[in-house]
Amino acid sequence: MKFENKTLDNGLQIIAEVNEEAFSQSLGYFVKTGSRDEVPEMGGVSHFLEHMVFKGTAKRTAEDVNRELDELGAQSNAYTCEDQTVYYMSILPDQQSRAMDLLTDLMRPALRNSDFETERNVILEEIAMYDDAPPYGSMEKCMESFYGNHPLAIRVLGTPQTVSDLDPEAMRAYHHDRYAPDNICLVATGSVNFDHLVKQAEELTRDWTPSGFKRVAEPPSHGIASLQFQHPPAVQQYTFELSPGVSRNDPKRHAYRLLATVLGDDSGSRTFWALVDPGLAESAGMFAHEYDECGILGLFLTCTPEDTQSNWDMLVKIVREETDKSISERELTVAKNKICSSLVLSSERPGNRLFTVGNAMTLRGTYETVEDSIENYRRVNLDAVHAAWKDYVTQVGARVTIGPELGVLN
Amino acid sequence: MTLDLAQRGAGDRNSRQIVEDLDFMGVERSSSCSTFHTSFSVACVADALSETLGIYADMVLRPHMPEDEVEESRQTALQELLSIEDDPSQKVFTQLKNVRYGAQFGRSPYGLVEGLESVVLKDIVDYHQGRYLSDGAILAVAGKFDWESLKNLVENLFSDWNSRENSPSELVLVQAGVRHLQHDSSQTHIALAYDCVPYQHVEFYQSRGLISVLSDGMSSRLFTEVREKRGLVYTVSASCQTIGNQGSVLTYAGTTGARAQETLDVTIETIMSLGDGISEGELSRLKARVKSALIMEQESSSSRSSQIATDWYYLRRVQNRKEVLAEIESLTCGSLVEHFLKYPPRCWGLVTMGPEPVVLPDAMVSVKSSMVNGSRGETR
């Protein structure tokens, strides 16, 4: 494995983790804009734009784009989250230059008015699809309540209202500002010819000009409300609680993740044995997630409405009150082994490494080998995990529960 | 429930020790029941293979089946049923299986509330003794291992597994049918099925190629017609499924109520358009996709091992990459159309779930199965 890093004059950063032994290559443009970089009235614009990127460019129609992606034999897709919009494909190494030509062209979409209306319908269908699927938007509702007026409260998909109101001109301005080379990182993993990649990127992005866009990342003030919603077709009850965690730049983040794994992983954790293994709940656990300036330690529970109160009480007792049952060395080692083994297993594929390497660079400005990542977890000691626990229990969370009826949870 | 209880203590370990030991080694794992099989699948770092396989041999051969955990198994199974109940896109397929395959083969592996509530420990023990047999069992391993050591290991772990003969699988028959589930949802969820040749059929790659034209990639016909041109859906897809001797094409689309009928109509028109011709471009894209998928599959030991097991079950041998590539290379536009006309979509099954029922055209309802199954057709 060899790490390569080069920034072009226009500000476009290009990085690669080259593995000449790999059978394939993965390429991705990581654009540093997501729902957290939106204004509420234009909620969902990053995601809508991600859809529009596939609708053609000055050189290519939408059919050309779809056809060429398939001609490359590529596994390709895109996603939008709070922090970024990512376009990626996995290809055979001999297709590198063709794939680069297409993927780079996509970053300059035509954004035609006529495509805009059709795609708006597709996105409204996507929102409707998630409305029908568990956990019925409860996580989004909880983010709204937890983050209040902070931009992390904005939904990635937007709402039917903001998507219906969105205007193509505003999207063009947004694209111009955010898809500038100084706000994008080109990432490649696997069997990559890095010199060719840089040379081709230089040629293809010669006309791209920097915009100087910088994310505003102000720490949020956290909401602590407990809210209930009714979704009559549901048979189960879905509950989330979000509490403050640590940011992705905080050195304590590995300890927080290990804490969440010990207490609330989907196998072998304290909540697993208390709630999932006995069949009291379909799922129950804890997770950690980080953003630039803040983070989350979250709890979740899915079970029948009748059992929700007693299960929730038990869940809270396990993660918040049972401080007398301190975490053992064995529990910590198991948590480390789980996380590290998963890092090793997922590194088999360049397609998986793309996201690990790309996210580390675009979100934290660093490169880590698999061994570095493992070491970051290995060196966390019990004191650090207990300290994370103590931080956690002093905080109050925001909670949302949704199910067939109201009034199931105090 | 047998699968769940088998994991709650086996060999020298109780339930908690099994989970702790597997977690300690960082073993990623899953287990499932399908129409004909119970399967365990694991991914672990190479050093952990021998101990991991030992634990799984215990679960299969020497489960404790603890009586005091039957109730917990039952509750877990009931929870799974509820989770399907809440997910329309899963529920339509559970129902479609029932419509298409009838009472026996169309049963959900998750069971029904009444069934789960009546199971007692003796049922589970009897089921384990009668069904967890070495005859017909398959162990597939891919990744970093030494073949000779693996053979010795498996010999040691499994040599005393009984070799009593398993009863042969019965012939799977399908039937046409339509079912609507009234549901207060935003979208109408549409699951559609029709006959195709099964995995073991000599012309399977023709059927698979047609699915590829229909649904693989963003230039596929369903994506283009249903989503790109008309914006009717976010999700539309088709896939091949083989249950025993029977092949099926399954399609799914989800759309808001008022557009459901149009979505179904366009989906069926698009399927039938395969008979009008396949373009050279479609053929070359399908070949490119298969080629890269086969090469990339080597980068995932998990997908490789499951492919090996599938091949062994249906073909009694493992196909190598060259062989599959040759099959794909031999496809032509003419052969695909010819295959479509020889085995046209028949025996349609439709399940919809949502605010309004959707109507399957009359001509589709009456066409019965053409019986294009492996045991009656030519197997490869």
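Predicted model: local features only at pLDDT ≥ 70, side-chain atom pairs only at ≥ 80, totals over all residues.
**View 1. Chain A falls into two domains, domain 1 (2-204) and domain 2 (226-403).** Residues are numbered from 1 along each chain as its sequence is written, with chains lettered from A and ligands numbered from 1 in the order in which they are written. Taken over C-alpha atoms, the centres of domain 1 and domain 2 of chain A are separated by 28 Å.

**View 2. Here is where the two domains of chain A meet, with 31 residues from domain 1 and 22 residues from domain 2.** Two residues are in contact if their C-beta atoms, placed from the backbone, lie within 7 Å. On the domain 1 side, the elements giving two or more residues are strands S2 (13-18), S3 (25-31), S5 (85-91) and S6 (184-190), together with helix H5 (138-147), of chain A. Helices (H or I, at least four residues) and strands (E, at least two) are DSSP runs, numbered from the N terminus. H5(A) gives the most to this side, with six residues. The domain 1 side divides into 14 nonpolar, 12 polar and five charged residues. In these classes, Ala, Val, Leu, Ile, Met, Phe, Trp, Tyr, Cys and Pro count as nonpolar, Asp, Glu, Lys and Arg as charged, and the others, Gly among them, as polar.

**View 3. Helices H1 (residues 45-53) and H4 (residues 113-132) of chain A pack at an angle of about 120 degrees, with their axes 10 Å apart.** That angle makes H1(A) oblique to H4(A); angles under 35 degrees count as roughly parallel, over 145 as roughly antiparallel, 65 to 115 as roughly perpendicular and the rest as oblique. Axes are lines fitted to C-alpha atoms, for helices over the stretch in contact, and angles run from 0 to 180 degrees between N-to-C directions. The two helices cross in a right-handed sense, that is, the near helix is turned clockwise from the far one by less than a right angle. Look for A:Phe48, A:His51 and A:Met52 of H1(A), which meet A:Asp115, A:Phe116, A:Glu119, A:Val122 and A:Ile123 of H4(A). By class, this contact has five nonpolar, one polar and two charged residues.

**View 4. A:Ser97 sits in helix H3 (residues 96-106) of chain A.** A:Ser97 counts as partly exposed because it has 13 C-beta neighbours inside 10 Å; a residue is buried with 20 or more, exposed with 12 or fewer, and partly exposed in between. Beyond its neighbours within four places in sequence, A:Ser97 is in contact with A:His196 and A:Gln200. A:Asn193 is 96 residues away along the chain, and its C-alpha atom is 9.5 Å from that of A:Ser97.

**View 5. Chain B is also divided, into domain 1 (2-158) and domain 2 (177-366).** Their C-alpha centres lie 29 Å apart. In the contact, 20 residues of domain 1 of chain B meet 25 residues of domain 2 of chain B. H5(B) gives the most to the domain 1 side, with 11 residues.

**View 6. Chains A and B meet through 50 residues from chain B and 50 residues from chain A.** The chain B side divides into 13 nonpolar, 22 polar and 15 charged residues.

Technical notes
Domains from an automatic or database assignment.
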